[in-house]
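Please keep the sequence and the model in view while reading.

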Amino acid sequence: MTRRPRTLTVVAGALLALALAYLALSMVLARPQVTGASFSAAEVGTAPEAQRRALADGVVTLPEMVAAWKADRACLQAAGYDPGPAGVDGPGTGFEVEVDYSDEADPEAADQTFQQAHRECADEHSALVARAFATQP
């Protein structure tokens with residue numbers, strides 16, 4: 001009866017384990033990063049077309065986020081407001097809107113009108129996409 005050296009068996013087992021670990025790790029790293037945000041079927045199903053397209057693959061890219069902010073800005077401009085440029089805090093970030101109510105007879109009503117327009121524009125162009133983009137790893 002011939003005895004095989006135990007060292008060779010241990011080394012072969014260790015090499016096999018390392019090879020499998022490397023293969024598993026490379027498969028995990030090669031996967032696209034899927035957003036950590038969760039959306040209900042109703043949210044995605046009723047989302048405007050541009051947002052549904054951006055969310056379709058589970059990954060919101062920087063160009064998709066920038067497009068959403070640009071559409072959001074254009075919506076606010078169409079509503080009569082003057083938003084600043086997108087990307088104020090770096091690529092993929094939003095924009096600022098300064099609103100002056102000093103000439104308004106009812107500043108509170110004017111602010112409510114602005115808040116409503118802002119909500120409607122965000123809901124139409126960027127709300128779900130921004131949530132997904134912010135929660136991606």
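The points below go from the overall architecture to helix H5.

The model is predicted. The protein contains six helices and zero strands. Helix H5 spans residues 107–125, and the buried residues of H5 pack against helices H3, H4 and H6.

**Overall architecture**
- In sequence order, the elements of the protein give the pattern α-α-α-α-α-α.
- Among contacts in the protein with a separation of 6 or more, 63% join residues 24 or more positions apart.

**Burial and surface**
- The protein has 137 residues, and 24% of them count as buried.

**Length of helix H5**
- Helix H5 has 19 residues, and at 1.5 Å a residue these should span 27 Å.
- The end C-alpha atoms of H5 are 27 Å apart, which agrees with that expectation.

**Faces of helix H5**
- Which residues of H5 are buried? They are Ala110, Phe114, Ala117, Cys121 and Ala122.
- Viewed down the axis of H5, the buried residues lie within an arc of 130°, so they line one face of the helix.
- In an α-helix there are 3.6 residues a turn, so residues three or four places apart point the same way.
- Glu108 and Gln112 are exposed on the other side of H5.

**Packing partners of helix H5**
- The buried residues of H5 pack against H3 (49–55), H4 (62–78) and H6 (127–135).

Definitions and conventions. Residues numbered from 1 in each chain as written. Predicted model: local features only at pLDDT ≥ 70, side-chain atom pairs only at ≥ 80, totals over all residues. Heavy atoms only, no water. Helix = DSSP H or I, 4+ residues; strand = E, 2+ residues; numbered from the N terminus. Buried < 20%, exposed > 50% of the residue type's maximum accessible area, 1.4 Å probe, protein only. Contact = heavy atoms within 4.5 Å. Expected span 1.5 Å × (residues − 1). Arc of directions from axis to C-beta.
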